[in-house]
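Please look over the structure below before reading my points.

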Amino acid sequence: MSPTNIAEFHNFIDGQYRPGSAGATFDNTSPVDGSHIGLVHEASVADVNDAVVAAKAALKGPWAAMTLADRSAMLYAIADEIDRRADDFLAAEVADTGKPASLACHIDIPRGAANFRIFADSVKNVPGEFFPTPTPDGTGAINYALRSPKGVIGVICPWNLPLLLMTWKVGPALACGNTVVVKPSEETPGTATLLGEVMNTVGVPRGVYNVVHGFGPGSAGEFVTSHQGVDAITFTGETRTGEAIMKAAADGTRDVSLEMGGKNPAIIFADADLDDAIEGTMRSVFVNCGQVCLGTERVYVERPIFDEFVNRLATEAKAMKIGVPDDPATDLGPLISLEHQQKVLSYYNKAVEEGANVVIGGGVPVLGDDVAKGAWIEPTIWTDLADDSVLVVEEIFGPCCHIRPFDSEEEVIALANDTVYGLAAAVWTQNTSRAHRVASQLDVGLCWVNSWFLRDLRTPFGGMKASGIGREGGVHSLEFYTETTNVCLKL
Ligand code: NAD
């Protein structure tokens, strides 16, 4: 998307939209029906270099001269302008992802704007460090810490919540006075491109926010992460990609923040409020067609309520309406792409080979001819798989889960932790002591009790083990996006 032609997705470099200097383009196609949305202009090495040079220069220009209060006010203006243009952002996000508009207008777009406000507030309110230090001569010293921006931040984004997850990084990066070079997912170039218009409208100095389009290896993703002018890299995406980025960041000893994959458990105890647990698990398994990093793919249910839980979840899942984004009745849109559909389907086939009981789904739904080329998939529930089945071990990132009974707290904690990942968990019980006991023993960065996806943006967000490095959110983001200088002043 560019100001002149909405079928073209240009790079946004130094405050200007421009095509890739090497003339390379690729198609952006709709996951709903395979139709052509537009042409994306792939950034070359030279374009990425221009973006980094512009971002570096902007660190010394009017952006650096702004007071904290003025910068915070500018972040509020960005948020307000996103809100004012919510319909444009919604259209771009829905076109790229195929997700229900009813979902994107409640989550993706408003949260995309909120991310600028919360960090504008955080930077104004976080206190500095101060230590009075005794010295042998009795006069003493004072130590205080100064925070400064880290520099140019490379922001590498996924496709599942494009605006929300991008601004989750760009918001705090700008709040702390950094400049950014954003590489949106090749699947979802729209909202990051559109945000350039917002930056220009509210007067963000040129070079502060840059967008380069392309793929990962051998393309814009690698060009950004390997560029030595990029001072730190923040990434959300697959664990495998995060490992490659961490290796790239080792060159030049640059900092990384990695938010990666998961294989998240939900644990339902027999004393849970079953209505709440079903409602929450329906969302955690199926929302956004199962393409949420925090989503549930392993469900553990205490044996006395196992059959009832499986039947109720299956009944509700079967009743979901699979459909196009602008139908308000749609519960489930398509997957992001035909390629991802094939990946999810291969897991569905493996489940059958491994002897799963397919409770519902397992295939591709038959929809009308007009959407026959879309990346549709059935919501799917399995039981009876072994604990070491690939379905139970690997992240699928589709609308599916395996449900397994358990008999004791100790057993279910061991099962939940038996994974290389450690992102999120949901625990359903009315016993508060048990809730706390279990939550404190789960190896995860986020544990919800009797809820899911309830977020306070001031809290730490991130994963343990193969799910990530570092935490973002509230003051945790400020840790990553700033450098600290300790000043020791002898009195
Ligand atoms: P992905 O890793 O395939 O791609 C993410 C981004 O990395 C894209 O922009 C891609 O072009 C880029 N990229 C790929 N290879 C690269 C390389 N070698 N160097 C530099 N950049 C490279 O992930 P995806 O498929 O877009 O997203 C889905 C994944 O993201 C899932 O695993 C999901 O769990 C994870 N995710 C995690 C969180 C979290 O907060 N932990 C949130 C959302 C998604």
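1. The model is predicted: local features need pLDDT of at least 70, side-chain atom pairs count only at pLDDT 80 or more, and totals for chains, interfaces and linings use all residues. Residues are numbered from 1 along each chain as its sequence is written, and side-chain values use heavy atoms, with hydrogens and water left out.

2. The protein chain is divided into domain 1 (3-260 + 467-490) and domain 2 (264-456); these bounds come from an automatic or database domain assignment. The C-alpha centres of the two domains are 31 Å apart.

3. Domain 1 has 26 residues in contact (heavy atoms within 4.5 Å) with 29 residues of domain 2. Between them, the two domains bury about 2100 Å², 61% of it on carbon and sulfur atoms. Buried area is the accessible area (1.4 Å probe) that two parts lose on being put together, summed over both. Of the area that domain 1 buries against domain 2, 26% is supplied by Val32, Trp159 and Ser467, more than any other three residues.

4. Between domain 1 and domain 2 there are 0 salt bridges, a salt bridge being a side-chain nitrogen of Lys or Arg within 4 Å of a carboxyl oxygen of Asp or Glu.

5. The ligand is surrounded by 30 residues (a heavy atom within 4 Å). The closest are Cys157, Lys183, Glu186, Thr241 and Glu395.

6. A polar side-chain atom of Glu186 is 2.7 Å from an oxygen atom of the ligand. For Trp159, a polar side-chain atom lies 2.8 Å from a ligand oxygen atom. Glu238 has a backbone N or O atom 2.9 Å from an oxygen atom of the ligand.

Notes: Polar contact = N/O pair within 3.5 Å; in protein donor to acceptor, adjacent residues only side chain to side chain.
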